[in-house]
Amino acid sequence: LCGLNLNDIDYDRQTIRVIGKGNKERVIPIGRPAMEALEKWLAVRPQLASEKSGAAIFLGARGKRIDQRHSKF
């Protein structure tokens, strides 16, 4: 999900499109609680966004896309 982009979310169908291992595309349904959490995140995302953000949904402290190898939660 580190590679998730803004255009990968289908709000009407409540799904996200992810690219998995072997460059396989999958459409994943997401429940209402997850959709609400995502909407809350997207409301504060502009505070971190920079010219380096591009369409990335999840950003680190410097405004870049998070990386699975360096992200600490």
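Start with Arg45, which is buried but has no salt bridge. Buried here means under 20% relative accessible area, exposed means over 50%, and partly exposed is in between, with a 1.4 Å probe and protein chains only. A salt bridge is a side-chain nitrogen of Lys or Arg within 4 Å of a carboxyl oxygen of Asp or Glu. For Arg45, the nearest side chain of opposite charge is Asp8, and that is 11 Å away. On charge, Lys and Arg count as positive, Asp and Glu as negative, and His and the chain ends are not counted.

Before going on, a word on where this comes from. This is a predicted model, in which local features need pLDDT of at least 70 and side-chain atom pairs count only at pLDDT 80 or more, while totals for chains, interfaces and linings use all residues. Residues are numbered from 1 along each chain as its sequence is written, and side-chain values use heavy atoms, with hydrogens and water left out.

Back to Arg45. Its place is in the segment after helix 1. Helices are DSSP runs of H or I with at least four residues, strands are runs of E with at least two, and both are numbered from the N terminus. What does Arg45 touch, not counting residues up to four places away in sequence? The list is Leu6, Ser53, Gly54, Ala55, Ala56, Ile57 and Leu59, where contact means heavy atoms within 4.5 Å.

Lys52 is also found in the segment after helix 1. Lys52 counts as exposed, at 53% relative accessibility. Leaving aside neighbours within four places in sequence, Lys52 is in contact with Gly63 and Lys64. From Lys52 to Arg62 there are 10 residues in sequence and 8.7 Å in space, C-alpha to C-alpha.

Now the salt bridges that do form. How many salt bridges does the count come to? By the rule I gave, 5. One joins the side chains of Asp8 and Arg17, at 2.7 Å from N to O. In that pair Asp8 is buried, at 9% relative accessible area, and Arg17 is partly exposed, at 29%. Asp8 and Arg17 are also linked with Glu25 in a network of salt bridges.

Arg13 forms a salt bridge with Asp10, with the closest N and O atoms 3.8 Å apart. Here Arg13 counts as exposed at 66% relative accessibility, while Asp10 is partly exposed at 24%. Another salt bridge is between Glu39 and Arg32, whose closest N and O atoms are 3.4 Å apart. Glu39 is partly exposed at 35%, and Arg32 is partly exposed at 40%.

Next, helix 1. This helix has 13 residues and reaches 19 Å from its first C-alpha to its last, close to the 18 Å expected at 1.5 Å a residue. The expected span is 1.5 Å times one less than the number of residues. Which residues of helix 1 are buried? They are Met35, Leu38 and Leu42. These residues cover an arc of only 60° around the axis, so they are on the same side of helix 1; the arc is that of the directions from the helix axis to the C-beta atoms. The buried residues of helix 1 pack against strand 1, residues 9-10. On the face turned away from the buried side sit the exposed residues Pro33, Lys40 and Ala43.

A nonpolar core is a set of buried Ala, Val, Leu, Ile, Met, Phe, Trp, Tyr and Cys residues joined through side-chain atoms within 4.5 Å. The largest one has 9 residues: Leu4, Ile9, Ile16, Val18, Ile30, Met35, Leu38, Leu42 and Ile57. Helix 1 gives the most, with 3 residues. Beyond four places in sequence, the contacts of Leu4 include Ile16, Val18 and Ile57.

Last, two backbone angles. Gln14, in the loop between strand 1 and strand 2, has a positive phi of about 55° although it is not a glycine. Asn23, in the loop between strand 2 and strand 3 (25-29), has a phi near 60°, again positive in a residue other than glycine. Most residues other than glycine have a negative phi. Gln14 is partly exposed at 24% relative accessibility, and Asn23 is exposed at 64%.
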